[in-house]
Amino acid sequence: MGEKRYVLAIDQGTTGTRCIIFSHEGKPVAASYEEHRQIYPQPGWVEHDPMEIWSKTQKVIREAMAKGNVRAEEIAAIGITNQRETTILWDRHTGEPVYPAIVWQDTRTHRICQRIVDDGFEAYIRENTGLVSATYFSGPKIQWILDNVPTVRKRAEKREVLFGTVDTWLIWWLTGGPEGGVHVTDYTNASRTMLMNLHTLDWDEEILRYLGVPRACLPAIRPSSDREIWGYTAKGGPLGGEIPVCGDLGDQQAALVGQACYTPGEAKNTYGTGNFLLLNTGDRIVHSRSGLITTVAYSTEAGKSIYALEGSIAVTGAAVQWLRDNLGIIRTAAETEEIAQSVEDTGGIYFVPAFSGLFAPHWDMYARGVIVGLTRYSDRRHLVRATLEAICYQTREVVEAMQRDSGIKLSLLKADGGAVVNNFLMQLQADILGVPVIRPVVHETTSLGAAYMAGLAVGFWRGLEDLRTNWAVDRAFEPRWSEERREEGYRGWLRAVERARGWVERSV
């Protein structure tokens, strides 16, 4: 047996899959990344191909190991982190999906979610899951597949069809798939389904009954880091056999862990396809009065959990992608920094990218994207800058809601995710918030958090304090705007949001 020198993390995100191999010091040794297709069958629908995701996952594992010259016997454990809420149902005997993955951004379940509100059942959901009735979450997506794909409901009741978020899908395949794959999820991912009770940390029978979801098709729920190893890699897989698969976190919770936010009151913001701001509330379930959701932060012990308040913003980095792929006014996301800096302001433009409705703190599934304030003076540079400002203004809305709910005034914001390499964006965020924004040395804290949970499970790291010593600051961005400019800009943003709200007429 070789010395266990590394932990391997798989970060399966909305637009692609990344594999990073970490050393004991929490430093990346090698990495590989592959994008996958975004499928839009009709307006408001967003799908992925689950088999493509599994194929790309195998590819990035092999590439990362080759780049780092890492042998399988040197890997102590594997951790998974994933785009949350994305819903997959598949045949347990063949591994074939019964329908494409319905992505968290997808809005096709709006009628199911409206019915929950109209029936007065949302209060029960809020109290017991910490969530709101929104198209974001997995439960209504499961119901939609069960209702719309022939024979699937009957097969799910007999456990011939399995449900999983993307973590469950990948763990099942890594541990053998149809040949004995382990069907499991963790508390953080389960807390995003709208089916798990935050108090019992188990599936909620009342909600399962209401949505018509058979318990038989659901995975077992375990802590994010479990000393009881769930399973080992299968011999025919990309890693060969016998490597423990034992860490699992939703991507935003993984970033919280990777940012070493282990003390109540510590917060991080991840800048990815969307933005996700999480505040550690310790072992206390804090229910929001300001449009946030309550979620599991992480767990290292069965039956116990650390909780968080979360502000979820649907479209931030995805708006930059839209400029590139739909409008063709930029070639790469990286060039937005230079373009946005070439103008002093947006020329009065505000862009509210409510492509999937508005998430926190509004939860308006009938909102749609708007660009307001256009004049003949406006050009692509102003729109690019307005897109970056939209990321920062949406974050400020969530920060203010979080401060109201928690009574904690943020003195700084830890930032991570792919977009934090944009120095202009980070400076804008500090200016619009009025507090310093801190960027860590390791930007990919989502992958790091997954590695930490897996490493803790096998004793590669001793405990959370061991992990805290690995965290280091790359750069702090201090606010420069005057209070007057900050508040005037924010007032304009709130007016623009009002134009976006309730755009789609409600259908019966």
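**Fold and burial in a predicted model**

User: How much of the protein chain is buried?
Analyst: In this predicted model, buried residues make up 63% of the 508 residues in the protein chain.

User: And which secondary structure elements does the chain have?
Analyst: The protein chain contains 16 helices and 23 strands.

User: What radius of gyration does it have, and what would a compact globule give?
Analyst: The protein chain has a radius of gyration of 22 Å; a compact globule with 508 residues would be near 23 Å, so the two agree. Along the principal axes, its C-alpha atoms fill a box of roughly 65 × 55 × 45 Å.

User: What share of the contacts is between residues 24 or more positions apart?
Analyst: Among contacts with a separation of 6 or more, such residues account for 72%.

User: Where do the mean positions of the charges lie relative to each other?
Analyst: The mean positions of the 55 positive and 63 negative charges are 1 Å apart.

User: Now helix α14: is it enclosed or open, and why?
Analyst: Helix α14 is largely enclosed by the rest of the structure, because 13 of its 13 residues are buried.

User: What span should α14 have?
Analyst: Helix α14 covers residues 445–457. At 1.5 Å a residue, its 13 residues should span 18 Å, and its end C-alpha atoms are 18 Å apart, which agrees.

User: What comes just after α14?
Analyst: Gly459, which takes a positive phi of about 80°, comes just after α14.

Notes: Residues are numbered from 1 along each chain as its sequence is written. This is a predicted model: local features need pLDDT of at least 70, side-chain atom pairs count only at pLDDT 80 or more; totals for chains, interfaces and linings use all residues. Side-chain values use heavy atoms; hydrogens and water are left out. Helices (H or I, at least four residues) and strands (E, at least two) are DSSP runs, numbered from the N terminus. The radius of gyration is taken over C-alpha atoms; the globule rule is 2.2 Å times the number of residues to the power 0.38. Buried means under 20% relative accessible area, exposed over 50%, partly exposed in between (1.4 Å probe, protein chains only). Contact means heavy atoms within 4.5 Å. Lys and Arg count as positive and Asp and Glu as negative; His and the chain ends are not counted. The place of a charge is taken as NZ of Lys, CZ of Arg, CG of Asp or CD of Glu. The expected span of a helix is 1.5 Å times one less than its number of residues.
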